[in-house]
Every structure is written in C-alpha cells, then in structure tokens.
Amino acid sequence: MTAPVLIWFRHDLRLADHAALHAALAGGGKVLPLFVLDDAAAGEARYGAAGRWWLRQSLAALAESLAARGAPLLLARGRAETIIPALAAAIGAPEVHAGRAIEPWAREQSRRVAEALGDAGGALRLHTTVVLREPHGFGSGSGKPYAVYTPFAKAMLAAGEPEPPLPAPERIPGVEPPAGGETLDSFGLYPVPGEPDWAAAFPAQWQPGEAGAQARLARFFATSMGAYAEARNLPGVEGSSGLSPHHRWGEISPRQVWHAVRGAAQGPGAETFLKEVLWREFAYHLLWHRPEMPERNLRREFDAFPWQRDEALLRAWQRGRTGYPIVDAGMRQLWQLGWMHNRVRMVAASLLVKHLLQPWQAGAAWFWDTLVDADLASNSASWQWVAGCGTDAAPYFRVFNPVLQGEKFDADGAYVRRFVPELAKLPAAFIHKPWEAPEARLAAAGLRLGRDYPRPVVDPAAGRACALAAFAALKQPGATGEAA
Ligand code: FAD
C-alpha cells in the first residue's frame, strides 16, 4: 500500500495550481491537509488584525473545498517543527509537501521543519507556489540578483512564459485526521466575541477564498481591464483588479493570473497589468535576497536619517485626520475596507515619511495591521521605495504634493467625498485644499475648519522644505524636483 502524505498549506490557500498538493497526490497515497498557525515563528511579522480576519475566512473556504473532495483540513496551532513531524509519524507519512515560503521567518521555519523531519527519517519537499519563478538562481548575466525593477522585469519577460497552471484535483483521498485538531474559533482570529466590529464593512467588499479570487478576476476582465492602463491611477473608480489580498494569501497563483490575462486579452491594459504582477514578483525576489528588508534600510546611508518621531502626528495620519483630503480619504478607506488604492498608498506614505518625517517602519507597521493584503515583501519594498531607501527607490527629493495628486487623480473629488463625508459639499475647486476656500464657501458646505475637519497638520510648502533639509543632512548631492 502506498504511504500517506502530509500536505502543509502555508501562504497558498487554494487547490488549483498547487504544485505541492499535486506532488502529494502523484504517488497515489492518501493525504492529510494541514494548516499550522505558528505565531511564535512569525514573531514581529505575525499576521496583523485585518490579515487575520482574511485568514479565517480563507481557511474556512479552503476547508470546505477540501472536505468536498474527500480530505478534511486539519488545523493546528504551535511550533511547526514540533507539530509536523509528530503528525507525520502518527499517520505513517515519510514525506511532507509544502510551498516554498519567501518570508525570512517562514524560510527559517521550513529549515527547522526539514531538520526535525530529517531527524525522524522523513523529508520536507518544497515546491513553487507563490511566485512565477523561484528567486534563487534568477539573476543577471553576472549571476547577481536584480536590484532594479526594469531590468528584472525585462529578464522575467525574456525568460519566456511561466509554466501553465495545474488543474485543481477533482478528488483528494484523505487520511482520517488524528483527533485533537483546533477549530477556526479556537484559533481566535477574528471576530473576537465582545470586541468592537471594526471589520463590519469587510464582508460586503471581499469574498476571501479561491472562488472569491476567481470571481474577482472575472469581474476585472469584464469591467476594468480594457481601460486599466489609465484607470488604475484613479481612486474614485474601480480601475484596478482588487486581487491583492487573494494574491497575498495564495488563493490564486501568479501563474494562473498570468495565463488568464494572456488568454483573455492583448493590448495596453493587459500589458500594464502584467507589469504590476511583476512588481509583486520583484518584491518577493528582493525579500528573498535581502531578508533584512522589512526592518532595515536597504540603502544604509539612510540609517543616519533624522526622523522626528511624533506620536500625535502618527496618530493623525493613522486616523485620517491630517487635513490633506486625499490622504485622509485613503487612510479612512484603509480603516473601513482593509485596503487602499495604490496611488493613494503612495501619496499617504510620502506624506508620512517626507512632510511629517516619521520613520517608514511606523507607516509600514500600521499598514501591516490594517491591510487585508498586508504582505511582507510588497509592503516593505513599497515603503522603502517611497522613503527613498530601497534598492530601486523613488529619489528622496521626489516629494508627492498631496494637493496636486488629488487634483490630478481625483479631479471631481468623488473619492474624497466618499471617504471624507464632512467635505462632501465642497465644490471640486476646493475639495483638495479646503483651507483655500473662502469662509462663505465653507459655511455653505456646512464646514468649519478646525472643528469639523482639521487644518493641515503641516504647511504644504514647509513640509516639503523640511523633507529636503532632512535629505540634505544625509549629505547626498540632491536635486530639487517635485513629483506632481
Ligand atoms: P492591480 O493594479 O490590479 O495590480 C495587480 C496585482 O499586482 C495586485 O493585486 C498586486 O498583487 C500586484 N501589484 C500591483 N502594484 C504593486 C506594487 N506596487 N507592488 C507590488 N505588487 C503590486 N501590495 C500588497 O499586495 N501588499 C502590501 O502590503 C502592499 N503595501 C504597499 C505599501 C505601500 C506604501 C505602497 C505604495 C504600495 C503597497 N502595495 C502592497 C502595492 C499596491 O498598492 C497594491 O498591490 C495594489 O494597490 C493592490 O490593488 P490591486 O490588486 O487592485 O492592484
């Protein structure tokens, strides 16, 4: 009789295009699907609150799909290197199959699990499940990893089409799970009984799980892909895919997305979209090669940057009360829906690190806790990009002007009106700079600045000057350009 196999789900909570599941089934034996919640291994990178909300729903969807195919999902909590070898021994499984994780803590976890299994005569087999191509071995002609996006993306495209995705198995012969598993309730993810329901608006916005990912992709093809190249920058319309949380939890693989886009359409929308998918891939490769990225400046000269920590400023930013409407709309969208539009993420992050001189790690930590797509690679790479300290970063002197950004990308103010309702009655001419509106206009809109809506926490011009002065303190030969 063929030995049973353990399949360990990690950040790849799906059945289709799952190379580890595929390999586990290939031998013809029964399988035990497992998910381990190992907060101690993740340490500082333990899933944030919004991520935990998503994880709970996603695990529920995965468990349902697995059970329907014959193999119930076992939930366990604790150290993976203790739990996995014990379970493998209990069901007589010599092999454990899993996706190869990219996060530094999860790589260390893989190492410890492999070692513990090896000591017991077993083996951990890792497969590609979260990236298009594995980062190890993918480098420039000289063998060095890419530090800059454009040559990286070119090389990815030149390497040919990614492998076609694997189908979802129709049946999964399951091992009777050993007694004593956890339940989703005992995981204590979210909602926590008795706590305020900050995620009340999430269910109407999101459908976590593999079916939700496919539905989101289909909706994107039907509604937004044609105009994606332009509309992706407009926060007031549904111009982008909204796939990021599905990507982050691996409910859809980048190979599935890639081939679906290739099959669905050609044209500028499709090409631009695939370039964004490559930004995610780039972030994953960077994190693999630079595991210090979530904490440390990749450009070490930024270690001397004169941040001016200020809890009150940080809190105003977190709560969407900076007095800059486009930023406040973004921060409130984040709080309400667990997601923020990419353009606004850039503007909000820029305001925090440049105008307000708060360390990028403080912003990244807030995003980590509040984004349903909180992703160690994309989040830290993007924050370092905005702050100017990444390997492929916007130069520090490029300071986003929150007023011009709002006027350019939310010209009629629809986005601000939706998320900052106290400004809803202001005419478009003032919606991104209410402090310039004449008193009569403000009164007609039912608004008193400083009472109903804050004045800017920092003067726009002074904020920019401060940022440039701080940059000059790094003694870099600076330029003086301003990003519109
Ligand atoms: P689409 O425009 O539809 O793009 C398709 C897919 O490409 C996305 O689902 C995403 O997986 C990927 N993608 C798009 N833009 C980027 C990008 N700039 N970097 C990496 N991948 C990208 N993205 C996350 O997934 N998790 C994060 O924690 C995260 N933190 C960010 C923090 C900051 C400060 C900034 C500026 C950006 C961050 N991003 C993060 C990137 C980007 O904002 C989101 O991926 C995007 O807004 C998701 O929306 P979408 O799925 O509609 O994107």
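Domain bounds are those of an automatic or database domain assignment. In the predicted model examined here, local features require pLDDT of at least 70 and side-chain atom pairs count only at pLDDT 80 or more, whereas totals for chains, interfaces and linings use all residues. Residues are numbered from 1 along each chain as its sequence is written, and side-chain values use heavy atoms, with hydrogens and water left out.

The assignment divides the protein into domain 1 (5-130), domain 2 (133-162 + 205-289) and domain 3 (300-472). Between domain 1 and domain 2, the C-alpha centres are separated by 25 Å. Contact (heavy atoms within 4.5 Å) involves 25 residues of domain 1 and 22 residues of domain 2. The buried area, defined as the accessible area (1.4 Å probe) that two parts lose on being put together, summed over both, is about 2,200 Å² for this pair of domains, and carbon and sulfur atoms give 61% of that area. Of the area that domain 1 buries against domain 2, 32% is supplied by Asp17, Trp54 and Ile102, more than by any other three residues.

Salt bridges (a side-chain nitrogen of Lys or Arg within 4 Å of a carboxyl oxygen of Asp or Glu) number 2 between domain 1 and domain 2. In the structure as a whole, 26 are found. Aspartate 17 forms a salt bridge with arginine 255, with an N to O distance of 2.7 Å. Arginine 255 also meets glutamate 163 in a salt bridge, at 3.8 Å from N to O. Because arginine 255 lies in helix α12 (residues 254-264) and glutamate 163 in the loop between α6 (149-158) and α7 (184-187), the latter pair ties together parts that are 92 residues apart in sequence. Helices (H or I, at least four residues) and strands (E, at least two) are DSSP runs, numbered from the N terminus. On the accessibility scale used (buried, under 20% relative accessible area; exposed, over 50%; partly exposed in between; 1.4 Å probe, protein chains only), arginine 255 is buried at 9%, while glutamate 163 is exposed at 56%.

A further salt bridge links arginine 112 to glutamate 81, at 2.8 Å from N to O. Arginine 112 belongs to helix α5 (residues 104-119) and glutamate 81 to helix α4 (residues 80-91), so this pair ties together parts 31 residues apart in sequence. Arginine 112 is buried, with a relative accessible area of 19%, and glutamate 81 is buried at 18%. Both residues take part in a network of salt bridges that also includes Asp38, Arg79, Glu108, Arg111 and Glu115.

Strand β2 (residues 31-37) is mostly covered, with 7 of its 7 residues buried. In a regular strand, side chains alternate between the two faces of the sheet. Val31, Pro33, Phe35 and Leu37 are buried on one side of β2, and Leu32, Leu34 and Val36 are buried on the other. Strands are taken to pair if DSSP finds at least two bridges between them. Strand β1 (residues 5-9) pairs with β2 in the parallel sense over 5 bridges, and leucine 6 has leucine 32 in β2 as its bridge partner.
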